[in-house]
Amino acid sequence: MKTNINIYFATMIIILIFVGCSKKNGGNNAGALTGDAAERVYVKPGEHDEFYAFISGGFSGQLAVYGLPSGRLFKVIPVFSVDGEKAYGFNEETKPMLQTSHGFVPWDDAHHPDLSQTKGEIDGRWCFINGNNTPRIARISLETYETEEIIEIPNSAGNHSSSFVTENTEYVVAGTRFSVPIPQKDMPIKDYKSNFKGAISFIKVDPQKGDMNIEFQVLMPGFNYDLAHPGRGKSHGWVFFTTYNTEEANSLLEVNSSQNDKDFIAAINWQKAEEYIKEGKFKTMPANYAHNVYDDATHTATSKMKKEVRVLDPADCPGLVYFMPTPKSPHGCDVDPSGEYIVGSGKLAASLTVHSFTNMKKAIDEKAFDGDAYGIPILKYEKTIVGEVKQPGLGPLHTEFDGKGNAYTTFFISSEVVKWKLGTWEVIDRKPTYYSVGHLMIPGGNSQKPFGKYLVAMNKITKDRYLPTGPEVTQSAQLYDISGEKMELLLDFPTVGEPHYAAGCPASLLEARSKKFYKLEENKHVYATKAEKDAKVVRKGKEVHIYMTMIRSHFAPDNIEGIKVGDKVFFHVTNLEQDYDVPHGIAMIGANTSELLIMPGQTETFVWEPKQVGVWPFYCTDFCSALHQEMQGYVRVSPGNSNIELSWTLDGESLN
Amino acid sequence: MYLAMKKLILLMNVLMITAVLSCNNTKQAEPGNNSPEITEHKGQASVEDTESAANALTVAKSLPDFTTLVAAIEAAGVEDAVVNAGPLTVFAPTNAAFNKLPKGTVDDLLKSENKSKLAYILTNHVAPANYPDVQLIKEAEKGRKLYMASGQYLDVKKTDEGISVGGTKILKTVKVSNGWIHVIEDVLVPVE
C-alpha cells in the first residue's frame with residue numbers, strides 16, 4: 001500500500017513538472033501541433049489580414065486574391081478565361097480582351113504573377129501574369145482588381161519563363177518554353193535542330209499608365225526557356241533565364257532532353273540591348289499579335305492587331321548574352337535581394353547551384369569561355385559558380401528569400417521546403433509539404449525587400465488533406481511562419497485551379513488604393529444612360545438598342561414592347577448607384593450569354609436574340625436591396641411581321 | 001492515517017487540476033491581436049466611407065434641423081437600419097416637430113428604459129420602399145396607403161399645398177443613396 005502511494009505521489013509530481021506550462025519552451029519545435037498555430041492564423045471577424053496574396057489559378061486561367069495569414073479568398077479576377085459570374089468574355093465590353101491572332105481564345109493557363117516594383121521594392125500598382133498556352137501577358141490594376149490589358153507575344157509558344165518584372169518595372173520579360181520556326185512555316189519537325197529558335201520578349205511598361213509594348217525580342221537558340229529572374233541591385237540591367245533541352249530534341253523530351261550533364265542559365269544584358277536598339281542593330285520582322293486594352297472611362301475594351309516586332313540576334317550583338325553552365329535541366333532561376341547570387345535548381349541535380357554575379361562579370365572580362373553555342377559565349381562553369389547546397393533534397397524547383405540572409409527552396413520529389421544560408425550554403429531547417437510542392441512565395445520574396453514573416457508553399461498533389469470530393473480534389477497551399485530559426489507549418493488552405501505561383505505584399509500598401517465605385521459623371525461609355533429620363537429604346541433595322549438604367553430597386557424601362565423575332569437586342573445597362581458595394585445584375589431568359597454584374601457607375605452590354613414569340617422576363621441577379629426580388633421587367637416579343645410600335649415604360653408611363 | 005492519505009491524494013489531485021487550469025488561463029490571458037475573443041459588434045453605420053453618395057443617416061447628421069431625430073435614432077440604436085441598402089423612405093420630423101410634442105416627451109423617450117418604445121415610434125417614420133415625391137403623388141391619386149416599418153398604414157394625400165402623409169405636410173424632399181428623405185413638420189406618433 002505504502003509503495004503504491006509512493007508511486008502515486010512520484011507519478012503526480014513528475015506529471016506536475018511536465019504539465020506545468022511546458023509550452024513556454026516547446027512552442028517553436030512542436031510545429032503545427034501547437035495550439036497557438038490556430039491563433040496565429042485567426043483573423044477576428046471584421047478584422048483584416050496583414051498581407052495580400054495573389055495566387056495564380058494555373059489551368060483556371062484566373063488570378064485569385066487571398067489574405068494572409070488567414071488564407072481567406074476575397075476575389076477571383078478573371079484574366080485569361082471567360083467568367084460567367086462577372087460576364088468577363090461574355091459581355092460586349094470585355095469580349096475584345098480575349099482576342100488573339102488565333103481569334104477569340106476563351107481560356108489559358110495562368111502561371112506567374114509578379115507585382116510592379118520601384119527601386120526594387122513592390123510599389124502596389126499592377127500585377128502582371130502570363131498566359132502559357134496562347135502566349136499572352138496581362139496587366140491587372142490593383143485599384144480596380146480588373147484585367148486592364150493583355151498583349152499577345154508573337155514568335156513564342158508556351159509562354160512559361162514569364163512575366164517577371166525588372167526593378168523599376170522598366171520591362172516585363174516573357175520567354176518562350178517551346179522553340180519554333182521563326183517566322184512560322186510549314187517544315188518537317190525532325191529538322192528542329194538549328195532551325196527552330198526561342199524568342200525572349202522584353203515588354204516595355206509605361207511608367208505612368210502601365211501600357212505595355214513589345215520593345216524588342218532576342219532570338220535565342222532552339223532550347224526550352226523555363227524560368228527567369230531579373231537582376232536586383234548590383235545585377236540590375238540583366239535578366240537570367242534557365243534553359244533545358246540544350247540537346248534540341250523534338251520528341252520524348254523526358255529522355256532526350258536529359259542527356260547533357262549541364263544546360264545553361266542565359267544571362268541577358270537588356271541595357272546592352274537598348275544600346276543595340278538605339279544603334280539600329282535590330283531587324284523589324286512582320287508579325288501578327290493582339291493588343292487588348294480595357295478603358296476604365298468607357299468601361300470598354302478594344303483589340304488591335306500589331307503587325308511587326310523588332311528582333312535582335314545575339315550572334316550579331318556581342319556582350320548581349322552569355323551562357324552559364326548549370327547542372328541537369330535547371331528549372332527555377334532565382335536572384336537574391338542583393339543581386340549577387342543566382343540560384344539554379346537543376347530538376348534532376350543532387351545539389352543546388354549558386355552562381356555569383358561578381359564572378360560572372362569577372363569571367364566575362366577575362367574572356368573565360370568554354371567555346372560558344374550559336375555564337376553565344378559559354379562561361380567556364382568553375383569561374384561563375386560560388387557555392388553549392390549539397391544534397392539538400394530531391395527535385396529542387398524554386399527559391400525565395402527572407403531578406404535576412406536565408407533562402408528557401410522547394411523540393412518536388414521529397415515534398416519539402418528547405419531553409420539554407422546564403423554564403424555558407426548550409427541547410428538550417430527542412431519541413432515537409434503535403435504534397436509535392438511547386439513554387440513557394442514569401443511576400444516581396446523575389447524583390448530587394450522581402451517581408452520575411454510568412455511563406456506560402458503551393459502544392460501539386462493533395463490526396464487526403466481535405467474532405468474528398470470525388471476524383472478531382474482541390475489543390476492546396478500551405479502557410480509557414482518563417483519569423484523564427486525553424487519554420488512552422490500554420491495552415492492548409494484550398495485554392496482555385498492550380499496555385500501555380502503567387503505574389504504577395506503588405507495589405508497596408510494596397511488597402512487605401514482600392515477603388516470603391518465608378519463615378520457616373522466620368523462614365524464615357526458610348527451607350528451610357530445617366531438618368532432615368534434618358535432611358536430609351538432605339539431600333540436600327542434588325543438591331544434594337546435598349547438604353548436601360550438600374551437603381552434600388554427597379555429597371556428603367558421595365559416594360560418594353562415592339563421587339564420582334566429575328567431582332568438582335570442589345571441591353572446597354574447602367575448602374576446609377578453611387579454607393580460602395582451596391583452592384584446590380586441583370587439576366588434575360590434564353591439569352592445565349594451570361595448575366596451582367598454591373599458596379600455602381602458602370603455600363604455593360606449583353607446581346608439577346610429572341611427566337612420565340614411571347615412575353616419574356618428579366619431580373620436583377622445580385623441581391624441588391626430589400627426589394628431585390630421586385631427588381632424585374634418584361635419584354636414583349638412579337639412575330640417578325642408584326643406592326644407593334646416600339647414602346648418603353650416604367651409604372652405605365654413614358655420615361656421621356 | 002488512511003484518511004489523511006486520502007486527503008493528501010485529494011489535495012494532490014486538486015493541485016494538479018489547478019496547475020493545468022492556471023496554465024491554460026495564462027495562455028488565454030496573453031494579450032495579442034489574434035486572441036480568439038470576438039470584438040464588440042460594430043454595425044454597418046460604423047463603416048467609414050467618404051466617397052459614396054450620402055445615405056439617410058449621413059444626410060440627417062449633416063443638417064442642423066435634425067439633431068433631435070439623430071439623437072433619437074442613436075438612443076434607439078437603429079443607426080444600422082437607417083444606413084441599410086434599403087431602399088428606404090424616411091419621413092424626417094424637424095427639431096421644431098419634436099418640440100410640438102407635450103413638454104418632457106422627448107427627454108422621456110430618450111431614456112434608456114424607453115428604448116424599444118422610441119424605436120417603435122421611429123419605425124413609424126420609415127417605409128421599406130422607394131417613394132420619391134412623384135411616386136407619393138401617384139400613390140395618393142391611386143388611393144393607396146403607405147405601409148410603414150412599424151406595421152401601420154399611413155394616408156398619403158395630395159393637397160393644394162403639396163403632399164401630406166399621416167396628416168402632416170411634406171416640406172422638402174432629399175434624394176439619399178439608400179432612398180429618400182421627406183422632411184415633415186409633425187412627429188408621426190403611431191396610433192395605439
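Modeller: What follows starts with the chain as a whole, goes on to the core, and then takes up the sheet, some backbone details and a helix of the other chain.

The model is a predicted one. Chain A contains 8 helices and 46 strands. Its radius of gyration is 29 Å, close to the 26 Å that the globule rule gives for 656 residues, so chain A is as compact as a globular protein of that length. Along the principal axes, its C-alpha atoms fill a box of roughly 95 × 90 × 40 Å. Of the 656 residues, 52% count as buried. Among the contacts in chain A with a separation of 6 or more, 62% join residues 24 or more positions apart.

In soluble globular proteins, nonpolar side chains tend to be buried together. Here the largest nonpolar core has 167 residues, and those with the most contacts inside it are Val172(A), Ile268(A), Leu455(A) and Val456(A). This core draws at least three residues from domain 1 (51–513) and at least three from domain 2 (524–654) of chain A. Leaving aside residues up to four places away in sequence, Leu455(A) touches Tyr408(A), Val417(A), Leu440(A), Ile442(A), Tyr480(A), Ile482(A) and Met487(A). Another core, of 37 residues, lies apart from it and includes Leu57(B), Leu88(B), Ala149(B) and Leu154(B).

Next, the sheet. In chain A, 7 strands form an open sheet with mixed pairing, in the order E41-E40-E43-E44-E38-E45-E46. Its edge strands, E41 (596–598) and E46 (653–654), each pair on one side only. Strand E38 (residues 559–564) and strand E44 (residues 632–638) of chain A are paired in the parallel sense over 4 bridges. One residue to look at there is Ile563(A), whose bridge partner in E44(A) is Val637(A).

Some loops of chain A have backbone details to check by eye. Most residues other than glycine have a negative phi, and most peptide bonds are trans. The peptide bond from Tyr434(A) to Tyr435(A) is cis, with omega near -10°; Tyr435(A) lies in the loop between strand E29 (427–432) and strand E30 (437–441). Arg552(A) and Ser553(A) are also joined by a cis peptide bond, with omega about 0°, and Ser553(A) is in the loop between strand E36 (543–551) and strand E37 (554–556). Lys328(A), in the loop between strand E19 (321–327) and strand E20 (330–335), has a positive phi near 55°. Lys328(A) is buried because 21 other C-beta atoms lie within 10 Å. Lys367(A) has a positive phi of about 50° and lies in the loop between helix H6 (357–365) and strand E23 (369–373). Lys367(A) counts as exposed because it has 9 C-beta neighbours inside 10 Å.

Last, a helix of chain B. In helix H3 (residues 67–76), Thr68(B), Leu69(B), Ala72(B), Ile73(B) and Ala76(B) are buried. These residues cover an arc of only 140° around the axis, so they are on the same side of H3(B). The elements of chain B that the buried residues of H3(B) pack against include helix H2 (56–62), strand E1 (88–93) and helix H7 (115–123). Gly77(B), with a positive phi near 70°, follows H3(B).

Key: Residues numbered from 1 in each chain as written. Chains lettered and ligands numbered in written order. Predicted model: local features only at pLDDT ≥ 70, side-chain atom pairs only at ≥ 80, totals over all residues. Core = buried A, V, L, I, M, F, W, Y, C linked by C-beta atoms within 7 Å. Buried ≥ 20, exposed ≤ 12 C-beta atoms within 10 Å, placed from the backbone. Domains from an automatic or database assignment. Contact = placed C-beta atoms within 7 Å. Helix = DSSP H or I, 4+ residues; strand = E, 2+ residues; numbered from the N terminus. Pairing = 2+ DSSP bridges. Rg over C-alpha atoms; globule rule 2.2 N^0.38 Å. Arc of directions from axis to C-beta.
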